[in-house]
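Dear colleague,

I am passing on the structure below, followed by some notes on what I found in it. Please read the notes with the coordinates open beside them.

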Amino acid sequence: MAPLLFVPNKTLAPPILHARHRFAPRPPSAAAFLRRFFPTRPPAAKADLLRLIADQGRGLETQSAPSRLADIISCIDALAAVSPGADTVSDAAKLSGTWRLLWTTEQEQLFIVRNAPFFRTAAGDVLQVIDVASGALNNVITFPPSGAFVVNGDIEVQPPQRVNFRFTRAALRGNNWEVPFPPFGKGWFDTVYLDDDIRVAKDIRRDYLVVERAPYSWDV
């Protein structure tokens, strides 16, 4: 490999030592300066939405409260209007992850959550695990300490907001056992709002989903 600097073969005078110079840090850009003193605030509708769903038992209570449902949907529409048509699915790192259910109108999930006590158990975290790079979607209802109902599926991202999915496998799992079920369902959901904390989606059946980024990762 050629040297980076060619030095002729002759006697050189001893180098003159200079004090080490410290380079001043590059001044921040105007945008970074403004963000520092005027940080972006989350839309007011986000706080309103989280407040409205906080006491709704992940959606169970909303089933018999049409006025609360209308208020929640109004907040979701307001969030979607903050950046209408914004690309919420192309950033794989932001869309991917383990998302924990806060609230939904999906009847199947709510049915399992409500009726779990009849099977002498209780529903724990309800999760949606998305891996864009692998094209995978997994819906998980946990039954602590070791049970789970898991539905596996494939996804295809369709910017700006749509994710197409097809379920391929379902199983009720325990510690050392598994009961398979036939896979069912295909469709799509639109992520109408996404930030670092929550994701809000609306699907092909006009069901709504509000999830938060879980503080852990689910290993399917």
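**Notes on the chain**

The model is a predicted one, in which local features need pLDDT of at least 70 and side-chain atom pairs count only at pLDDT 80 or more, while totals for chains, interfaces and linings use all residues. Residues are numbered from 1 along each chain as its sequence is written, and side-chain values use heavy atoms, with hydrogens and water left out.

The chain has five helices and nine strands, these being DSSP runs numbered from the N terminus (helices are H or I with at least four residues, strands E with at least two). Starting at the N terminus, the order of elements is α-α-α-α-β-α-β-β-β-β-β-β-β-β. Of the 220 residues in the chain, 36% are buried.

To return to α2, which spans residues 44-53, the residues Ala45, Lys46, Leu49, Leu52 and Ile53 are buried there. Seen down the axis of α2, these buried residues fall within an arc of 135 degrees, so they line one face of the helix; the arc is that of the directions from the helix axis to the C-beta atoms. Their cover includes α3 (66-82), β1 (97-104), β7 (186-194), β8 (198-203) and β9 (208-213).

Strands β2 and β3 run antiparallel and are joined by six bridges, given that two strands pair if DSSP finds at least two bridges between them. Four residues lie between the strands in this hairpin, where Gly135 takes a positive phi near 65 degrees. On its other pairing, β3 joins β4 (residues 147-158) in the antiparallel sense over eight bridges, with Val140 opposite Val150 in β4 and three residues between the two strands of the hairpin. Seven of the eight residues of β3 (residues 136-143) are buried, so this strand is largely enclosed by the rest of the structure.

Within β2 (residues 126-131) lies Gln128, which is buried with a relative accessible area of 9% and stands opposite Asn139 in β3. The side chains of Gln128 and Asn139 make a polar contact at 3.5 Å, that is, a pair of N or O atoms within 3.5 Å, of which, within protein, one must be able to donate a hydrogen and the other to accept it, residues adjacent in sequence counting only if both atoms are side-chain atoms.

With kind regards

Key. Buried < 20%, exposed > 50% of the residue type's maximum accessible area, 1.4 Å probe, protein only. Contact = heavy atoms within 4.5 Å.
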